[in-house]
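Subject: A structure for you to look at

Hi,

Here is the structure I promised to pass on. Have a look at it first, and then read my notes below.

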Amino acid sequence: MRYIRAEDILPSELLSAIQEHIDGVTLYIPRKSPAKSTWGSVNGTKKYYAERNSLIVKEYSGGISIPALAEKYCLSEKSIQRIIKRCPMPCFPYQKKNSKP
């Protein structure tokens, strides 16, 4: 984020009104709601992690162990477990709900 001098862009009446409330401090003005982007959508981070997590779940359902996945993806075993836990049941075709031995 870069700083812009208020006196360079705001009308003097508006600047005077703002200075009545806050004078000489830094003020953050957020974007309008429709202009906001969701986390990771601009630079592709969200897509990257979704694809990586999908691969982790696919490999786990294919029989690769949690410790092996943790080492492969440089994540903790707990992180791998969280990723797998967030996956809906169809990701694990071999698991049955309420299966009894």
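How many salt bridges does the structure hold? There are three. I'll come back to them in a moment, but please keep in mind that this is a predicted model.

Of the 101 residues, 15% count as buried. Among contacts between residues at least 6 apart in sequence, 32% join residues at least 24 apart.

Now for those salt bridges. Side chains of opposite charge can pair when their charged atoms come close. Two of the pairs share arginine 5: glutamate 7 forms a salt bridge with arginine 5, with the closest N and O atoms 2.0 Å apart, and aspartate 8 meets arginine 5 in another one, at 3.9 Å from N to O. Put together, Arg5, Glu7 and Asp8 are linked in a network of salt bridges. Is arginine 5 buried or exposed? Arginine 5 has 51% relative accessibility, and the cut-off for exposed is over 50%, so arginine 5 counts as exposed. Aspartate 8 is exposed too.

The remaining pair is lysine 72 with glutamate 59, where the closest N and O atoms are 2.9 Å apart. This pair links distant parts of the chain, since lysine 72 sits in helix H4 (residues 66–73) and glutamate 59 in helix H3, 13 residues apart. Glutamate 59 has 16% relative accessibility and therefore counts as buried, because buried means under 20%.

Next, have a look at how the helices pack. The axes of helix H3 (residues 45–61) and helix H5 (residues 77–86) come within 9 Å and cross at roughly 90°, so H3 and H5 are roughly perpendicular to each other. On the H3 side, the residues that meet H5 are Arg52, Asn53, Ile56, Val57 and Tyr60, and on the H5 side they are Ile80, Ile83 and Ile84. By class, that contact has six nonpolar, one polar and one charged residues.

What about H4 and H5? Their axes come within 8 Å and cross at roughly 105°, which means that H4 is roughly perpendicular to H5. Ile66, Pro67, Leu69 and Ala70 of H4 make this contact with Glu77, Ile80, Gln81 and Ile84 of H5. By class, the contact of H4 with H5 has six nonpolar, one polar and one charged residues.

In soluble globular proteins, nonpolar side chains tend to be buried together. Here the largest nonpolar core has ten residues in all: Ile56, Val57, Ile66, Leu69, Ala70, Tyr73, Ile80, Ile83, Ile84 and Cys87. H3, H4 and H5 each supply at least two residues of this core. Which helix gives the most to this core? That's H4, with four residues.

Terms used
Residues numbered from 1 in each chain as written. Predicted model: local features only at pLDDT ≥ 70, side-chain atom pairs only at ≥ 80, totals over all residues. Heavy atoms only, no water. Axes fitted to C-alpha atoms, helices over the stretch in contact; angles between N-to-C directions. Parallel < 35°, antiparallel > 145°, perpendicular 65-115°, else oblique. Contact = heavy atoms within 4.5 Å. Nonpolar A, V, L, I, M, F, W, Y, C, P; charged D, E, K, R; others polar. Salt bridge = Lys/Arg side-chain N within 4 Å of Asp/Glu carboxyl O. Buried < 20%, exposed > 50% of the residue type's maximum accessible area, 1.4 Å probe, protein only. Core = buried A, V, L, I, M, F, W, Y, C linked by side-chain atoms within 4.5 Å.
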